[in-house]
Amino acid sequence: MTDQTANGAPAEDEGEFSTRHAIGLVFGGIAFFAIVLSPPPEGLSQAGWYTAGIAALIAIWWVTEALPLSATALLPLLMFPILGVITIKDAAIPYANPVIFLMLGGFIIALGMQRWNLHRRIALSIVALVGSHPANVIGGFMIAAASISMWVFNTTTTVMMVPIALSVIEFVERGMQDNPQHRAEARKFATALMIGIAYGATIGGMGTLIGTAPNAVLAGFMSETYGVDIGFLDWMMVGIPMNAIMLPAAWLILVRIAFPIHLPEVPGQAQVIRDELKAMGPMSRGERTVAAIVAVTAMLWIFRPF
């Protein structure tokens with residue numbers, strides 16, 4: 001019999017998660033000891049073989065979430081010095097890499113925008129500007145996702161945008177429920193909208209160094225390995241033109257080829273967006289503060305070399 005929480009909702013089966021965690025802990029340990037206690041392959045040093053064992057342990061524990069992800073991420077700091085792979089000083093250096101703090105700044109900005117619903121205001125304002133035709137709504141959400149994703153990691157942007165999109169999809173489906181043909185079109189609209197948000201966030205994430213983690217990692221790698229420093233403005237000079245080309249192209253493919261939208265404009269949809277914005281009221285002090293911090297941070301990122 002399934003346990004229930006106080007409000008009647010089914011509770012998660014803690015036994016299932018405990019079993020998964022235990023299996024992950026055991027198999028991670030087995031993989032680690034199987035590697036480090038066996039001789040390394042020809043051409044690979046003992047330190048390299050130990051590194052492979054630690055990598056296998058971390059990978060299994062991450063996949064199974066045997067320990068909290070952040071705790072597992074600290075294992076190299078402990079195990080590399082113990083096994084003599086590198087010193088603790090060398091193991092600790094990557095954790096203080098400027099790229100890590102750059103990504104940390106992006107996460108903190110995302111938390112601030114979520115806390116004060118600034119992302120919601122930005123998204124609704126953009127969608128309200130583009131009009132209420134279904135194809136335009138998809139384009140508006142893609143522009144909103146891309147704009148936010150330039151300053152917040154693309155995965156975080158997608159998570160923030162989906163609840164707003166679901167409310168629009170629900171309204172459209174409710175307005176088309178009396179017409180079977182329109183119901184099918186509404187489902188197609190819902191699919192295109194969700195994919196559009198993902199594409200918009202991914203494309204927008206290419207625009208700046210902070211848009212997605214691989215951008216910052218690449219910049220760090222180029223600086224450390226080849227001595228080539230890629231500044232925030234340098235990246236934007238390539239990333240923004242790419243955004244300007246890829247975003248309209250992705251929208252056209254979505255609404256004209258992959259999911260051609262033949263859905264009429266839903267009466268009252270524009271009013272729903274306006275009502276959502278009106279319900280938010282004027283910008284709060286928290287929203288204004290976060291918006292100012294984002295703007296100042298963006299300027300400092302862009303003009304830091306000066």
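How exposed is E65? The legends below answer this and visit other sites. This is a predicted model, in which local features need pLDDT of at least 70, side-chain atom pairs count only at pLDDT 80 or more, and totals for chains, interfaces and linings use all residues. Residues are numbered from 1 along each chain as its sequence is written, and side-chain values use heavy atoms, leaving out hydrogens and water.

**View 1. E65 sits in the loop between α2 (46-64) and α3 (69-73).** Helices are DSSP runs (H or I, at least four residues), numbered from the N terminus. E65 is partly exposed, at 40% relative accessibility. The term covers values between buried (under 20% relative accessible area) and exposed (over 50%), with a 1.4 Å probe and protein chains only. Most residues other than glycine have a negative phi. E65 is not a glycine, yet its phi is positive, about 55°.

**View 2. N117 lies in the loop between α6 and α7.** N117 is not a glycine either. Its phi is positive, about 60°. N117 is partly exposed, with 35% relative accessibility.

**View 3. R121 belongs to helix α7 (residues 118-130).** R121 is buried, at 11% relative accessible area. Its side chain makes a polar contact with the side chain of E287 (2.6 Å). A polar contact is a pair of N or O atoms within 3.5 Å; within protein, one must be able to donate a hydrogen and the other to accept it, and residues adjacent in sequence count only if both atoms are side-chain atoms. Leaving aside neighbours within four places in sequence, R121 is in contact (heavy atoms within 4.5 Å) with residues including L277, M280 and P282.

Technical notes: Helix = DSSP H or I, 4+ residues; strand = E, 2+ residues; numbered from the N terminus.
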